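Subject: Structure handover and what was found in it

Dear colleague,

I am passing on to you the structure that follows, and below it I have set out what was found. Please keep it open while you read.

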Amino acid sequence: MEAQPSTSNADTISLLSESPNNEPMDSRYPPASNNIILNHDFSGGLHLWHPNSCEAFLVSQETTRPKGLTDKLSAPFAIITKRKQQWQGLEQDITDRISPFSVYNVCALVGISNGTPENQEHVLATLKLEFEDNSVRYLFIGRTCASTEHWEKVEGTFSLSAMPRRVVFYVEGPSPGVDLLVKSVVISCNSFSQCESDKQTCALSDGEENIIQNPRFDDGLNNWSGRGCKIALHDSMSDGNILPVSGKFFGSTENRTDYWNAIQQDITGRVKRKLVYDFIATVRIFGNNISTANVKATLYIQTADLREQYIGVASVQATDKDWVQLKGKFLVNGSPSRAVIFLEGPPPGTDILLDNLIVKRAAKVPPASPPVVENAAFGVNVIANSNLTDGTNGWFPLGNCNLSVGNGSPHILPPMAKDSLGAHEPLSGCYILVTNRTQTWMGPAQMITEKLKLYLTYQVSAWIRVANHASKPQNINIALGVDGQWVNGGQIESSDDKWHEVGGSFRIEKQPTKVMVYVQGPEAGVDLMVAGLQIFPVDRHARFRQLKKETDLIRKRDVILKFSSSDSATLVGTSVKIRQTQNTFPFGTCINRSNIDNEDIVDFFTKNFNWSVFENELKWYWTEPQKGNLNYKDADDLLNLCANHNIQLRGHCIFWEAESSVQSWIRNLNKDNLTSAVENRLAGLLARYNGKFKHYDVNNEMLHGSFYQDRLGKDIRAHMFKTASQLDPTATLFVNDYNIEDGCDARSSPEKYIEHILDLRAQGGPVGGIGVQGHINSPVGPVVRSALDKLGVLGLPIWFTELDVASDNEFVRADDLEVMLRESFAHPAVEGVVLWGFWELFMSRDNAYLVNAEGDLNEAGKRYVALKQEWLSRARGRIDEQGKFEFRGFYGVYEVEVEVANDVSKEKMVKASFVVDKGEGPIVISINL
């Protein structure tokens, strides 16, 4: 769950100032061997490039620029001029360098001339496909708005299901008379080795690799059907404006009356279990005056016992203007008795057009490499003139506000920054005063593009204050504009005139062309004060060393083993070997019903976790999707699996305050009937599973939703807790919410959460635990620790209940996971950690998995397993003269081996087990041999 920006991103980005240096950075591009465009940066002049019915020439560093062309556009680059049509541009034949079924990424740097700085024109990347029958098709790849002032990126992807006679890439688009500028073009395959492999196998027919039959409608509508609607075959539509791109025909839906109406194909018997499949379709929409709509690919599965499952495969925002590609992956856990793939999603009356569909076995992805970061400069602030000793030099106002410098801000570092930086020179006591703010996004700003490094995690810290009294609490946000995208660097709510610490973090994983940091948020007319803004990379591994020491203090205990036997004198000097077999700290994960059809997932689950929670199967919308239609079978199956492996359970969740997660029949009830339904839900669920769940999340995400409170009054929340406690007094009842620990959401700050918990308890709600979901990005230890410290004052157990971290690089993801696990394990108030999944394609966030879909442990998974091993104690030595052996170990279950002498074999190995419970002081355990 992501925090939303506090202002309109469009308003903010339209006023971004330009970086003083707009030079594109070469590291954004893949290696030359992976780029199928030759002479991609015009270092060889215009060799292999051809102007399409126009003229082109090269601007190099040595040549004189044409009059009116800005110096901000770095040379070399190509100018395409004397254009009389929008389609005229620059092209390159790439026929011999691509292959069918491979997915290609496109990135071109473009601009325009012959215009004013305010003049913007669309620039498009397009493929021209020439077929053996002399027909020509055009495939849209991507577009951008280009200007005269700086380079912009045209980005997109494409994949061909068949190989045309000729494939030409070209850049086109600006209005006639406007010169088109091209700095560079990169077209790279997702996996270069796979591209090469595809070239060797491109002679295979669709049927030998693609499990979709008649994928391009060459055989009419055979093998295709409608799902709740009709389907039709076309060679063109809309008076010839819509043409197929991969063959001679395309299919479409007709007479759609609901969102789920679709074009579909039964693939029963052709899809194999536990294998990953790539899904690639070329689609667009038509009709009902809808210009854009979401098109989704869904896989319907029916099992032998008639259980039904719908697997979301892919989604894309399709348009009525161009064909676009719909791409995704899926894996089937069990052996389905029926499998159907279909395309759905647009509003009723809008038809789905399908040009082609490929479903084929996914290629193995080669192992990732850790990112190489040179000269990381941990702890060094990237903000210029942060202390304002040089006035406002280095800063500029975002919008028509005024910046000045005042005195009287704190001299000390904000606590979270101090936790990371340690001893540090004091702040100057100067602050930026922002006045004349007429929009919420107005504030101080600074360009930091060249100062950031990819894959480093940056901590954000500042003192913030509202300078004059406002009529209501004010949201204040440190934000980053990264190539037009809003990135949250930290957020607070201020309701007074005191200084407040803002802390957050971020990371950039793709090379940007422009990064601006700015402070925004308060309503128009409210003055803003900003002091000591710091953005610095953090040394996470240095903190790990500190956390290991803290962990040793709170998760271990001194153990004295006192041995005895019939001849105690013979025990002195006897060899002792101790091995911990189980750490009793709760490490859990969510699972879902489909997971347990895959024995590989079950094996990893049962070996690596001692707690669990059901992803959806206990939620009300799952157990009673229609009034009176109860479904507890899926929850029962999961409960039985966990009981058989001695895995403890959290119950998630009895209610959910987010209206989007409330089933329609509940939303349509009046107050009396809703009250009755709530009572029935409590009684039915808690009676059925009495004593089976150790925890319950009673009413999920109350800081972010209010469905039940809005309809039934404020008292309903405490009533839910009180009733649940009466019905199952053995369960600990939790609050559970997100964005608590990362500083990015003013609605769910630790202070707001504490206030919420105290309010529930004041109403008699027996809140017994604090659930921190932990859907976090680029975590920084001191920020997380600060939140835990604040929550810890309540004296309630804290659990991370839905932890996941995401990065496209599995080594960075592993570091993120290690941050969260070490911070949790080293904090005395944290009593358990539950991950929100671990297996690829079965997690709510992309790039968050520990195990690849076909069972390979990635670096994040290896890190998790290694930490679990690190937190198992081992010791060896000899029994002393008092018959004792002493060591310090983690709480949990142990096995001891002792070599004991006897009259028959002279010595024998005696094994015994013991448990080190949590407690103060040394524990003495007697072992009779």
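In what follows, Ala, Val, Leu, Ile, Met, Phe, Trp, Tyr, Cys and Pro count as nonpolar, Asp, Glu, Lys and Arg count as charged, and the others, Gly among them, count as polar. This is a predicted model, in which local features need pLDDT of at least 70 and side-chain atom pairs count only at pLDDT 80 or more, whereas totals for chains, interfaces and linings use all residues. Residues are numbered from 1 along each chain as its sequence is written, and side-chain values use heavy atoms, with hydrogens and water left out.

The second largest pocket

A pocket is found on a 1 Å grid over the protein atoms alone, as an open set of points where a 1.4 Å probe fits, with protein on both sides within 12 Å along at least five of seven lines; its lining residues have an atom within 4 Å of a point. The second largest pocket has a volume of about 490 Å³, a volume being the space filled by probe spheres set on the grid points, which are joined across faces, edges and corners. Its lining has eight nonpolar, ten polar and ten charged residues. Of the 28 residues that line the second largest pocket, Ile492, Glu493, Ser749, Glu751 and Lys790 lie nearest its centre. The elements that give two or more residues to this lining are β27 (485–494), β28 (500–507), α13 and α14, where helices (H or I, at least four residues) and strands (E, at least two) are DSSP runs numbered from the N terminus.

Helix pairs

Axes here are lines fitted to C-alpha atoms, for helices over the stretch in contact, and angles run from 0 to 180 degrees between N-to-C directions.

Helix α15 (residues 810–825) and helix α16 (residues 859–870) pack at an angle of about 30°, with their axes 7 Å apart, and that makes α15 roughly parallel to α16. Among the residues that make the contact are Phe811 and Leu817 of α15 and Tyr864 and Leu867 of α16. By class, the contact of α15 with α16 holds seven nonpolar, no polar and eight charged residues.

For helix α10 (residues 671–688) and helix α12 (residues 715–727), the axes come within 10 Å and cross at roughly 30°, which makes α10 roughly parallel to α12. Val678, Glu679, Leu682, Ala683 and Leu686 in α10 meet residues of α12 that include Ile716, Met720 and Leu727. The contact of α10 with α12 has eight nonpolar, two polar and one charged residues.

Backbone details

A cis peptide bond, with omega about 5°, joins alanine 75 and proline 76, and proline 76 lies in the loop between β2 (55–59) and β3 (77–81). The peptide bond from histidine 652 to cysteine 653 is also cis, with omega near -10°, and cysteine 653 is found in strand β35 (residues 648–656).

Terms used:
Parallel < 35°, antiparallel > 145°, perpendicular 65-115°, else oblique. Contact = heavy atoms within 4.5 Å.
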